[in-house]
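Here's a walk through one chain of a model, from its overall make-up down to a single residue. Have a look at the sequence and the structure first.

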Amino acid sequence: MDTFLQQVVNGLTLGAVYAVVALGYTMVYGIVQLINFAHGEVVMIGCMVAFTVIVALASAGLPPMLVLALGALAAIAVCMAVGYGIERVAYRPLRNAPRLAPLITAIGLSIVLQHLALLVWGRSYIAFPQIIEVKLYRLGNAETSATISNVQIAIVVASAVMMAALLALVYRTRMGIAMRATSQNPAVAGLMGIDVNRTIAQTFLIGAALGAVAGVMVGAYYGIAHYQMGFMLGLKAFSAAVLGGIGNLAGAVLGGLLMGLIEAMGAGYMGDFTRVCTLDTLLPGFAEACASNPDASLLGSNYKDVYAFIVLILVLVFRPSGLLGERVGDRA
Amino acid sequence: MSGAQGRRFPPWVGVVLVTIALVALPFALMQAGTAWVRITNFAILFVILSIGLNIVVGFAGLLDLGYIAFYAVGAYVYALLASPFFGLHWPFWAILPIGALVACGFGVLLGAPTLKLRGDYLAIVTLGFGEIVRILLNNLSEPFNLTNGPKGISSIDPVSVFGLSLGGTTKVAGFAIPDAVKYYFLLIVLLVAVIVVALRLQNSRIGRAWEAIREDEVAARAMGIDTTRVKLLAFALGAAFGGVAGGLFAAIQGFISPESFVLNESVMVLAMVVLGGMGNVWGVVLGALLLSFAPELLRYTIEPAQRALFGKSLVDSEVLRMLLFGAAMVAMMRFRPAGLLPSAVRKRELARLAQDDNA
């Protein structure tokens, strides 16, 4: 039971991060009906910039929370610039082009961003500085060994605050009204006096800012950063957005949390379920493998990256509109 | 290209000239070093891959970002059937069709659940598929050792054609012919076959059906095209080309590991197709050759230039190549979306689009 609780805690933390990244995908998708292929790189750059700032300020003797906040602010600023650049270079000039075109420019940009990051931060894994002392809190009585760390709590709280702020922005401000109008019908929104180009740029900026914070959270949680980290993270978050129903803000949050839980549970349990000795009792034929290595399993935790794709494919086949989605995935 | 459009010479003159040039090329390159023949061989492999991907992306308009998975499947099929790993040493001609068939199967496996999806979703799913294949290759070393995990499979048999082994150096009339040159001739023969198949496919009933689907799927279905079957066929055939290229890669390299089949390779092949001109076989050939030789050219131009300017190499040519690929994809889509050598239909289409914009 404590393992289960622990996996739930880990899964929800991971899910909170995925949800924030997924919000970035879903915002952009909602407004231009295109996937922002370079969003994963934005998250990676956010993580890297925060890393650089925190390392630079670590010896200055400032309070750790302030250093972290400054790192996050720098990441947000840089990522917003990158997000704006993505929109201007890859999406705006191709707004009326065939759908394949902006997709290819975005892939090209994501390759460029990844290799620029390689040039700046190098090829190897970077240890993200642990400036905040990790404290573990027990869940429940002393018998259970499930714990939650202050970093995990901070991630979940920060995600919740950002989601609430985003919802307020989209449903309570003029900017949000303009965004929703543009997403429904850009041409008519333009006739109503909305600056469509500006609104789309704002959406990319907000998505990038969310990505930046997610990058800082990933860095703080895993403690490592790498120039290719954005790729897998972006794919999983995108899968989460599709699971929840792309274009739908609540869907992105739900999808993100579910995706985090699925991954944590998959990594935590699939290995045990598919242990060769267990399988041998059900299906004969694994006896030899069981004898040579009783701990071997078919789907160990090294398959954790596969679950997101399996979920993605299942959702796209059986419910392309996602759990809460309004849009259908196969519109021509 | 042969001199088919030349008025003053009969067409066979062009064919003969191109043949002579292709036969003489490796010997000319050998003067600069056998390494250049090897580079050319890999360039030809990438041309075959690009032609295969062009079937999916260019002809049928389905964006596939996991194409390298089929290359990997072909390579592993060859490696498993012709290496000491399982103690099997099947002949090359037997394995090549098997590799193509298995890759075909994987193509259908990927195609079947994704047929209903639109361009961008399809791109993500194929991306995921490519990653799944790579993760499987990395992890299928236990509990049953099928792929030997990250260590890869080594001492793969060289190709043997009519009793002549293409590995090692052969002496012909006092000339030492290295393995790279022998592989070059095998690759050229296969390349010509692949180009002919691709060109014939493009003008066939299926090719026209692909084009119709790319332009307007609903209209294509209304015209009586079985879109599901035709799209699956695009995936399967494209995958088969990838499988063939993969088998050749394993044989030439003698060693394969999951390292060779990462996402960047898929993107590279896509960049070749986009640069050359989606849908045009000759354009794709040009794009693949340009981007295959790009890193070598960069190594010999940019690296010394950097050393001269800054005293050291600041930007690795490999990184520079990827930066260039990315930038080329962006620039091509913005300024010449139909590629360097656009296909006639694409060109018409884009001209019409521009008109619509002006109207």
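## Chain B at a glance

Chain B has 13 helices and 6 strands; helices (H or I, at least four residues) and strands (E, at least two) are DSSP runs, numbered from the N terminus. Keep in mind that this is a predicted model, where local features need pLDDT of at least 70 and side-chain atom pairs count only at pLDDT 80 or more, while totals for chains, interfaces and linings use all residues. As for labels, residues are numbered from 1 along each chain as its sequence is written, and chains are lettered from A and ligands numbered from 1 in the order in which they are written.

Of the 359 residues in chain B, 45% are buried (20 or more other C-beta atoms within 10 Å of the residue's own, with C-beta atoms placed from the backbone). Take the contacts (C-beta atoms, placed from the backbone, within 7 Å) between residues at least 6 apart in sequence: 71% of them in chain B join residues at least 24 apart.

## Helix 2 against helix 11

How do helix 2 and helix 11 of chain B pack? Helix 2 (residues 34-59) and helix 11 (residues 281-310) meet at an angle of about 140°, and their axes are 8 Å apart. Axes here are lines fitted to C-alpha atoms over the stretch in contact, and angles run from 0 to 180 degrees between N-to-C directions. The two helices are therefore oblique to each other, a label for angles that are not under 35 degrees (roughly parallel), over 145 (roughly antiparallel) or 65 to 115 (roughly perpendicular).

On the helix 2 side, the residues in this contact include Phe42(B), Phe46(B) and Asn54(B); helix 11 brings Val281(B), Leu289(B) and Glu296(B), among others.

## Where chain B meets chain A

This contact takes 39 residues from chain B and 43 residues from chain A. On the chain B side, helix 5 (119-139), helix 8 (217-222), helix 10 (263-276) and helix 12 (317-335) each supply at least two residues. Helix 5 gives the largest share, 12 residues.

## Zooming in on Leu81(B)

Leu81(B) sits in helix 3 (residues 68-81) of chain B. Is Leu81(B) buried or exposed? It's buried, because 22 other C-beta atoms lie within 10 Å. Leaving aside neighbours within four places in sequence, Leu81(B) is in contact with Leu88(B), Trp90(B), Ile95(B) and Ile98(B). As for Val281(B), 200 residues apart from Leu81(B) along the chain, the C-alpha atoms of the two are separated by 32 Å.

Methods: A residue is buried if 20 or more other C-beta atoms lie within 10 Å of its own, exposed if 12 or fewer, and partly exposed in between; C-beta atoms are placed from the backbone. Two residues are in contact if their C-beta atoms, placed from the backbone, lie within 7 Å.
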